[in-house]
Amino acid sequence: MKKLKILAIGCAVLMSVTLAACGTDKSPAEHVHEWGEWVVTTEPTCVAEGEETRVCELDESHKETRPISIDPDAHEWGEWVVTTEPSYTEEGEETRTCKNDSKHVERRPVDKVPHAAITEMTLASSQSYSLTRGLADEDQGVTSDATAQIEVRVTYKGGSAAAATSEDVEYTTSDAAVASVNADGLITFNGVGTATITVKSKYEKQGGGYMEKQIPVMVNDLPENTTGLEVIEFEYGINEEGMPDLSFVVQNISSKIIEVRRIDVYYLDNTGKILESDNLYVGDASGGFQTLKPGDKIKSGFTGGAGLPEGTDKIFIYNLHM
């Protein structure tokens with residue numbers, strides 16, 4: 001009897017366990033994620049988005065991803081390629097192209113080519129200048145606007161020769177008030193005095209050292225007026241026939257009698273610079289001489305081609321034709 005009771009209790013326990021197991025057949029409740037840091041898994045480029053991912057620290061099978069915006073600076077550059085060759089005078093250019101998109105190009109300058117060595121430098125224009133301020137001098141290459149162009153020839157290593165440019169030589173002056181010079185070797189004669197124009201190679205010649213040429217300049221003042229005559233008044237205009245007309249008054253300022261038919265004159269600006277030279281007639285109506293006693297004046301002039309340079313402030317007599 002006692003054994004039957006124990007068996008009955010055991011059966012009851014077994015049934016209760018079986019019933020309990022059947023009544024709990026459910027999935028575990030989802031947990032709250034504990035996300036780790038975002039990690040870039042695909043880098044963005046200049047043409048494509050990237051991607052980053054984070055993982056739940058409670059269950060690595062739980063992941064989240066999100067895109068990373070295109071990075072306009074994330075190029076994959078190719079090699080630099082020279083597209084414009086540099087020279088002695090001009091920089092060149094090189095470019096590189098993005099492998100992701102050939103429309104993405106970057107450019108940068110290429111330094112000028114180191115200048116070729118100069119083996120010889122020759123002064124092809126005047127070796128010196130001596131002139132009256134403002135006068136043209138064809139023998140010295142001085143123009144009517146009181147300028148002169150320095151011409152220099154150079155020979156490069158290898159034997160080629162050419163006219164020098166501002167890349168080859170530089171010009172300086174010892175006194176710009178007398179004669180100034182620009183970067184291209186144009187001299188402007190500015191005032192009375194002496195100066196030295198120096199031409200120097202910018203680069204050392206083959207074997208070392210620089211080449212240099214010096215050009216002495218002398219700008220003379222007006223010649224002394226020994227004529228005894230002076231233009232004390234002048235006027236320029238158009239006469240009744242519609243022609244240019246220059247009239248002037250000449251006075252004998254000496255203490256002796258002077259006979260005169262023609263005079264050589266300079267037209268001067270208000271600084272004393274010569275604008276032009278001329279030969280004026282002051283004789284009588286028959287073409288003969290005029291006789292002037294001390295203090296006498298002659299009113300004279302000519303038409304049909306007379307011209308007065310713009311800016312004329314004074315007419316200076318420097319010679320008589322007897």
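The structure holds 7 salt bridges, a salt bridge being a side-chain nitrogen of Lys or Arg within 4 Å of a carboxyl oxygen of Asp or Glu. What you have open is a predicted model, in which local features need pLDDT of at least 70 and side-chain atom pairs count only at pLDDT 80 or more, while totals for chains, interfaces and linings use all residues. Residues are numbered from 1 along each chain as its sequence is written, and side-chain values use heavy atoms, with hydrogens and water left out.

**First stop: strands β5 and β6**

Select Arg107 and Glu93, whose side chains meet in a salt bridge at 3.8 Å, N to O. The pair links distant parts of the chain, since Arg107 belongs to strand β6 (residues 105-110) and Glu93 to strand β5 (residues 92-97), 14 residues apart; strands here are DSSP runs of E with at least two residues, helices are runs of H or I with at least four, and both are numbered from the N terminus. Arg107 is exposed, with a relative accessible area of 55%, whereas Glu93 is partly exposed at 28% (buried means under 20% relative accessible area, exposed over 50%, and partly exposed in between, with a 1.4 Å probe and protein chains only).

Glu106 is partly exposed, at 29% relative accessibility.

**Second stop: Asp101 and Lys103**

Select Asp101 next, and look for its salt bridge with Lys103, where the closest N and O atoms are 3.4 Å apart.

Leaving aside neighbours within four places in sequence, Thr132 is in contact (heavy atoms within 4.5 Å) with Asn220, Asp221, Leu222 and Ile274.

**Last stop: Asp269**

Finish at Asp269, in the loop between β20 (262-268) and β21 (274-281). Asp269 is buried yet has no salt bridge, and the nearest side chain of opposite charge, Arg133, is 5.1 Å away (Lys and Arg count as positive, Asp and Glu as negative, and His and the chain ends are not counted). Not counting residues up to four places away in sequence, Asp269 touches Leu275, Gly311 and Asp313.
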